Amino acid sequence: MRRFYFDKNDMHGDMIRISGNDVNHIKNVLRMNIGERVVANDKEVNDYYCVIEDMDSTQVLLRVESYRKCAAELKTKLYLFQALPKQDKMELIVQKSVELGVHEIIPMATSRCVVKLDDKRQEKRLLRWQSIAESAAKQSARGIIPRVNNIMKFNDAIAYAKSLEYSIIPYEHAKGMDESRQCMDEAAKCSSVGIFIGPEGGFEESEIEHAFMQGIKPVSLGDRILRTETAGMCVLSILMFKLS
C-alpha cells in the first residue's frame, strides 16, 4: 500500500487529514479514489492502515481501520556524521542512508572539505536533503522520517556525539579486522551509535587524534580505500545486518 506521513495534530479520533503536496500526489499523480487503502505514518513509528473517506483540492481524509508499530526501524539509533562531499554526492548519501536505517544525518564541515556554503545556500541544501530523506523514507517504508541536521563544524559534531552511547570512525590505519569486528559487535549492543565519515581527502591527523581522545573508536573497513559516499553505506550495511 502507498505510504504517507502526517502530523499528530491532523489526527482526530479515527480520522486523519492529509494536506500539502501529498494531496496533489494522491489525486492527480496516483489518481487514487475514495475507498482505496493507504498507510499513514505519524513520524513516531506508528503505522495506521486507512481507507480514503473523502478528498478535495486541499485535503484527503482517511478513516483508520487498524494500526501497529512499524517493523522497519532498527533497535539502535544510527547517527551518520558525514563530511560534506563534492558535487551532488550528499543527495545520494542521504537517500541511501535513509534506506539503510539511519536515524539522523549530521553534515560536517571538516578541514579538508572543498565545499563551502554560505547561509543562504546552506538553507537551500538542507531543505533539499530533507525532502530527499522524506522520499526515501516513503520508498523504504520507514516508521520515521530521519532528520537532516544543520551543518556542524567537526569539533561541534564531536561534542554532539557525546550524547550517544557509542561512536566509531573508519580509519585506514586502524588495527586489524578482528578489532574492528569487535567494535561493530559492541556498537550493535548500544542504544545509539555515531558513525564519522571524512571527506574526499580524509580527515586531518589532528581531527583523528581529537576523535580518539573523545573516545570514538577507530575501525578498519579492509585493505581497500573507499570513497566518502561508499564508506558510510558500508558501515550502515554492516550494522543493519547485525541489528536486523
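## A first look at this predicted protein model

The protein chain exposes about 12900 Å², and carbon and sulfur atoms supply 46% of that area (accessible areas come from the Shrake-Rupley method with a 1.4 Å probe; for residues, only the protein chains shown count as cover). Please keep in mind that this is a predicted model, in which local features need pLDDT of at least 70, side-chain atom pairs count only at pLDDT 80 or more, and totals for chains, interfaces and linings use all residues. Residues are numbered from 1 along each chain as its sequence is written, and side-chain values use heavy atoms, with hydrogens and water left out.

**The whole chain**

- Along its principal axes, the C-alpha trace of the protein chain spans about 60 × 40 × 30 Å.
- You will find 7 helices and 13 strands in the protein chain (DSSP runs, numbered from the N terminus: H or I of at least four residues for helices, E of at least two for strands).
- Of the 244 residues of the protein chain, 47% count as buried (buried means under 20% relative accessible area, exposed over 50%, and partly exposed in between, with a 1.4 Å probe and protein chains only).
- Take the contacts (heavy atoms within 4.5 Å) in the protein chain between residues at least 6 apart in sequence: 73% of them join residues at least 24 apart.

**Nonpolar cores**

- The largest nonpolar core has 61 residues, and Phe81, Ile195, Phe196 and Leu239 have the most contacts inside it (such a core is a set of buried Ala, Val, Leu, Ile, Met, Phe, Trp, Tyr and Cys residues joined through side-chain atoms within 4.5 Å).
- A second, separate core of 16 residues includes Ile18, Met32, Ile52 and Val60.
- Neighbours within four places in sequence aside, Leu239 is in contact with Leu78, Met184, Ala187, Ala188, Val193 and Ile195.

**Lys89 in helix α2**

- Lys89 lies in helix α2, which covers residues 89-99, and is buried, with a relative accessible area of 16%.
- Not counting residues up to four places away in sequence, Lys89 touches Glu200 and Glu229.
- The side chains of Lys89 and Glu200 are joined by a polar contact of 3.4 Å (a pair of N or O atoms within 3.5 Å; within protein, one must be able to donate a hydrogen and the other to accept it, and residues adjacent in sequence count only if both atoms are side-chain atoms).

**Arg128 in helix α3**

- Arg128 belongs to helix α3, residues 119-139, and is partly exposed, at 42% relative accessible area.
- A polar contact of 3.3 Å links the side chains of Arg128 and Glu91.
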